[in-house]
Amino acid sequence: MSGVVVALVPAPRAAPPAPVRRTARGLGERLAPYAYIAPFFVLFGIFGLFPFAFTFYVALFDWNPIGDQVFIGVDNFTRMFADPRFWNAARNTVSIWFLSTVPQLSLALVLAHVLNHARLRFALFFRMSVLVPYVTSVAATAIVFAQLFDRDYGMLNWLLGLVGVAPVDFVQSTAGSHVLIATMVTWRWFGYTTLLYLASLQAVPLAVYEAAAIDGAGPWQRFRHITIPSLRPVIIFTVVTSTIGGLQIFTEPLLIATGAPLTCGAVRQCQTLTLFLYEQGFGEFEFGYGSAVGVALFAMVVVIAAVNYLLAGRIRADR
Amino acid sequence: MWSSGREFPISACPKTLEKPVTFRVPLLLVVGALALSAACTPGTGGGGGGDGRSFEFWSFAAINQKVSVDAYHGKHPDVQVKLTEVGTSTETAQALTTALAGGKVPDLVLIQGDNLPKFVQQPQNFVDLRTLGADDVKGDYLDWVMKQSIAKDGEVLGMPTDVGGMAIAYRTDLFAAAGLPTDPAAASALWPSWDAFIETGKRYKQATGKAFLDNAATSVFYQAVNQVSEKYYDDARNLVYDRNPQVRAAFDLGVKAATAGITAGQSSFETAWSAGLAQGQYAAVAAPSWMLNTIRSTAPDTKGKWAIAKIPGGAGNWGGSYLAIPKRAKNPQAAWDYIKEMQSPQGQLEHFTRVGALPSTPSVYQDDKLASSKDPFFSDAPTGKIYTDSLLGLKPFYIGPDSATIGQEFLNAITNVEQSGGDPATAWDDAVRNIKTAIGG
């Protein structure tokens, strides 16, 4: 999940180098590590740092990619804060995030607990199969789910019809479209989260569970008093990563409303912040305004990351 | 948004922005997306290489452009045309914008009419076709169509390829089941006006309990608003969309149709719209000439069950495209030779006989090949005559840089009433407010 940087530390030398040619060899040895890590930093500079900094620059312009670029200061930002479409997208994003994160983490917690059970047969098979949605193409997921949830020809509405429920328009209604997207996100990510929890749970000695069972703790009590506390750090971690992920939900809303993809429907009922950014940048070609939205997203993610840092620090302090 | 062809649900490129890995990712989204679309920029290399006679051509998908390219190649075997079918008309315009901003441009590109004004505003990106001889042939085209690709200092940026015209396609079998006349002349007589059209819809609904029309937004509002003498801008190019009574009347018709309970609530070109078309979920749909190809390919099993009637409300046009040559094109002369030959009146007439897109060159409208053409898929309806008639007496209006955005917001407002339970009483005010937000005026 988080980028792991592998530091290449040269092994300590057995014997000090001979005094002759010391400067030349010393210089080479001191430069070599930089050469090893240079490819990453060069690529990061080109595809990461430069575009990042450039976004802040473009956000200060009325930037027409095939016309004029006019410096307008913070006008894009004042416009953004007064733009109901921006706040609508922010609300949608939070709503979809909530609807996807809560079921996803709860489901993963329960599943991890079950998969960790000592007497589970074919444990490896089940542990692997929860990961299948994660390796499925997100575009394919979106298309299949959109068909399942279709108003007139979808299987879900057909089933609802069997029990006498009127068809629900999952794309054109605000609540329905959020549920649809949240379902896709949950389906795609619960397995990944489950495995994270499971890995963490396996560090808890089985003896703890056995001792609790001998002391008379039932399954719920073992779950409540052993599983959850031992998972606390990784729960915080998954909340934060899924929050950051939730801020960037893009493909699902883009693909479900095929008639108005960039707004996710006629009244932007499921347009997320990233989709709004994309609409402004690459639908309207208002690069400056789109960049301003990107900067705002960045600010939100920084705030969430900071909260995470503080929380993680407190958990460490608790121990 | 409105292409001469189907909109496809999946945009070919920007679909893989994955769940984030670190907090570094989101801020790179803008530029990441930038890089993405640059990477998406179709077809580089090959084609229009060195000999100055071959060229590279970007067109829309699903409009069968290959037929024309092959015909051209047949006549000029030494000319290689590298055709790239970029995607929908909107996606083609987006790819072109990205390419113009700093990528490899094609020698020839097809631009849909709704996307054209934004390019006409920036004429420096295109070859002024007068330098290649556009003045000699300009007079061949419908005046109001030609005008749209002429920039402020008279630069000619694109040559018209086709126009849509307007008509209603309807299912004769479903009409018969509802006790409505099936003959095109009799069906046309049912709806001299849009109000009569909506009344017919109610009759159909009463008789069958099923939806009459695919949707109100496109099949009523978008047609009616293109039958006006002045649309979103006045002749002096001032924005008047919010106080033009003709726009308001078209909008009210759309809302009336949306609330009359006669539509299937299927937005044009969506997946379910296509399914509904094939399954007879609705009996009528607004159909400009290019739509016939869409119906034919979406619902091949309904051959012979359709007919074409006149559009209610008078003359108008929906759709049509232009061919343009970007300034940095490597083979502008080869591209111009193609335009000159294929978009000549005779070239367009041949194109009509191949795919049915209505020529933008009025001199061929009386030609027998067009005037007496009948389409067997549509019960031998006299398509050539119906579409050319729908252009007679058309009152041209100015289409400005924000016309497409304004039209889309109006459509959205009606769709909201039709499909999402929006309040019809506030729909107009909501639409106007959304337009003001979108165009910053």
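Predicted model: local features only at pLDDT ≥ 70, side-chain atom pairs only at ≥ 80, totals over all residues.

Reader: Is chain A compact or spread out, going by its radius of gyration?

Author: Chain A is more spread out than a compact globule, because its radius of gyration is 25 Å, well over the 20 Å that the globule rule gives for 319 residues. Along the principal axes, its C-alpha atoms fill a box of roughly 90 × 75 × 35 Å.

Reader: And how much of chain A counts as buried?

Author: 37% of its 319 residues. As for contacts between residues at least 6 apart in sequence, 69% join residues at least 24 apart.

Reader: OK, domains. What does the assignment give for chain A?

Author: Domain 1 covers 1–58 and domain 2 covers 77–318. Taken over C-alpha atoms, the centres of domain 1 and domain 2 of chain A are 37 Å apart.

Reader: How many residues are in contact between those two domains of chain A?

Author: Four residues of domain 1 of chain A touch six residues of domain 2 of chain A. The domain 1 side of that contact has three nonpolar residues, one polar and no charged.

Reader: Switching to chain B. Where does β4(B) sit, buried or exposed?

Author: Buried. Six of the six residues of strand β4 of chain B (residues 158–163) are buried, so the strand is largely enclosed by the rest of the structure.

Reader: Which strand pairs with β4(B)?

Author: Strand β9 of chain B (residues 320–324), in the antiparallel sense and over five bridges. In that pairing, B:A324 of β9(B) stands opposite B:G158.

Reader: What about the open sheet in chain B, what's the strand order?

Author: Four strands, ordered β6-β7-β5-β8 (chain B), and the pairing is mixed. From one strand to the next, the twist averages 20°.

Reader: Which strands are at the edges of that sheet?

Author: β6 (211–213) and β8 (306–309) of chain B. Each has a single partner strand, so one side of each is left without a neighbour in the sheet.

Reader: And in what sense do β5 and β7 of chain B pair, parallel or antiparallel?

Author: Antiparallel: strand β5 (residues 168–171) and strand β7 (residues 282–286) of chain B share three bridges. B:I168 has B:A286 in β7(B) as its bridge partner.

Reader: Remind me what holds paired strands together in general?

Author: Strands of a sheet pair through backbone hydrogen bonds, in either a parallel or an antiparallel way.

Notes. Residues numbered from 1 in each chain as written. Chains lettered and ligands numbered in written order. Rg over C-alpha atoms; globule rule 2.2 N^0.38 Å. Buried ≥ 20, exposed ≤ 12 C-beta atoms within 10 Å, placed from the backbone. Contact = placed C-beta atoms within 7 Å. Helix = DSSP H or I, 4+ residues; strand = E, 2+ residues; numbered from the N terminus. Pairing = 2+ DSSP bridges. Domains from an automatic or database assignment. Nonpolar A, V, L, I, M, F, W, Y, C, P; charged D, E, K, R; others polar. Axes fitted to C-alpha atoms, helices over the stretch in contact; angles between N-to-C directions.
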